[in-house]
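Please read the following report alongside the sequence and the coordinates, which are shown first.

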Amino acid sequence: MVYLYIFIMAFVTYLIRVIPLTVFRKKITNRFVCSFLYYVPYACLTAMTVPAVFYATKGVPSALAGVAAALVLSCCRKGLAEVAVGACIAVFLVEQFFM
Amino acid sequence: MPIGIIHKMKAELKEGLKDGLPIALGYLSVSFSIGIMAISSGLTVFQGAWMSLTNVTSAGQFAGLAVIASGGTVLELMLTQLIINLRYALMSLSLSQKLSGHISLWQRMVIAFANTDEIFAVAVNHSKSLTFPYMVGLESLPVLGWTGGTVIGAAAGQVLPASVSSALNVALYGMFIAIVVPAAAKIRPVLIVVILAAALRCILYYLPWFSGVSAGTAIIICTVLASAAGAVIFPVPQEESEEKE
């Protein structure tokens, strides 16, 4: 039964991913659509992060510390992994010493 | 096949692997919590690993585990997956525009399998048009990291202190910030779209009238509105979005 549920999850998720990739084989030339698709990743990642990130840890203060660390590190052009680890360390330290 | 093409394919594969490594490391820590949740939802370590290997989606798997744990119906499961993961349709559509024209149908079907938030973000930021070897390289390590982290989390997660798992929860968001901030700092229209998306998401999150809107639906609404506003106010010059074939 669990395997059936896992299969259904995988199947639905794959269909969502594969249909747009296989149907739109040609380059889209419409300027509005191109511009829209250009902004999608930034808008989508932002909507997933704010405000959920503030409630992802034990409390808002440590989450704020994590966000601050991530902002500073990414402004310094650090890589994805460094920013992610830096944010985790900031949360950990604030929770250890201040919460 | 001429030697030159094989060399180029190898270089592309290597570049993809290199770009995928930080994502894989991030996933290794994030998928820990998926592993822990899989066990607490009544799955075995193997089932948890199988779920991560076949789904490769954080929010979708969390929601799916919640449905399984509560004994939900198949229809409920399908609907939650559809709504939460519908953003991937937007991402796949966006990605389809960046793929090199030489990529065949079956290659597109392989690439689609692991089009996650982070892989998509790195792929669309890639300076060249995307080849099949690059995408295979980019996707393979993160899938391994995602599955491996789930196994470690499921097998050893319960011994992890709460302080560590609380800190690991921000890893995924840290990666999102690392993708958005450099672009927003450099390109003014991106910054405005980002602020708009954040503001819309907060409105849907905090105002009581919208409390019935699920997180997955809210993300789609905010993405579509903010991106459409950006496209109307700041149309991207044609050559910047993609060169013609």
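## Contacts of A:Cys88

Leaving aside residues up to four places away in sequence, A:Cys88 touches B:Ala167, B:Leu168, B:Val170, B:Ala171 and B:Gly174, where a contact requires C-beta atoms, placed from the backbone, to lie within 7 Å.

This is a predicted model, in which local features need pLDDT of at least 70 and side-chain atom pairs count only at pLDDT 80 or more, while totals for chains, interfaces and linings use all residues. Residues are numbered from 1 along each chain as its sequence is written, and chains are lettered from A and ligands numbered from 1 in the order in which they are written.

Helix α4 (residues 80–97) of chain A reaches 26 Å from its first C-alpha to its last, close to the 26 Å expected, the expected span being 1.5 Å times one less than the number of residues. Because 13 of the 18 residues of α4(A) are buried, this helix is largely enclosed by the rest of the structure (buried means 20 or more other C-beta atoms within 10 Å of a residue's own).

## Domains of chain B

The domain assignment, automatic or from a database, gives domain 1 (3–169) and domain 2 (187–245) of chain B, and their C-alpha centres lie 23 Å apart.

Note on methods: Two residues are in contact if their C-beta atoms, placed from the backbone, lie within 7 Å. Helices (H or I, at least four residues) and strands (E, at least two) are DSSP runs, numbered from the N terminus. A residue is buried if 20 or more other C-beta atoms lie within 10 Å of its own, exposed if 12 or fewer, and partly exposed in between; C-beta atoms are placed from the backbone.
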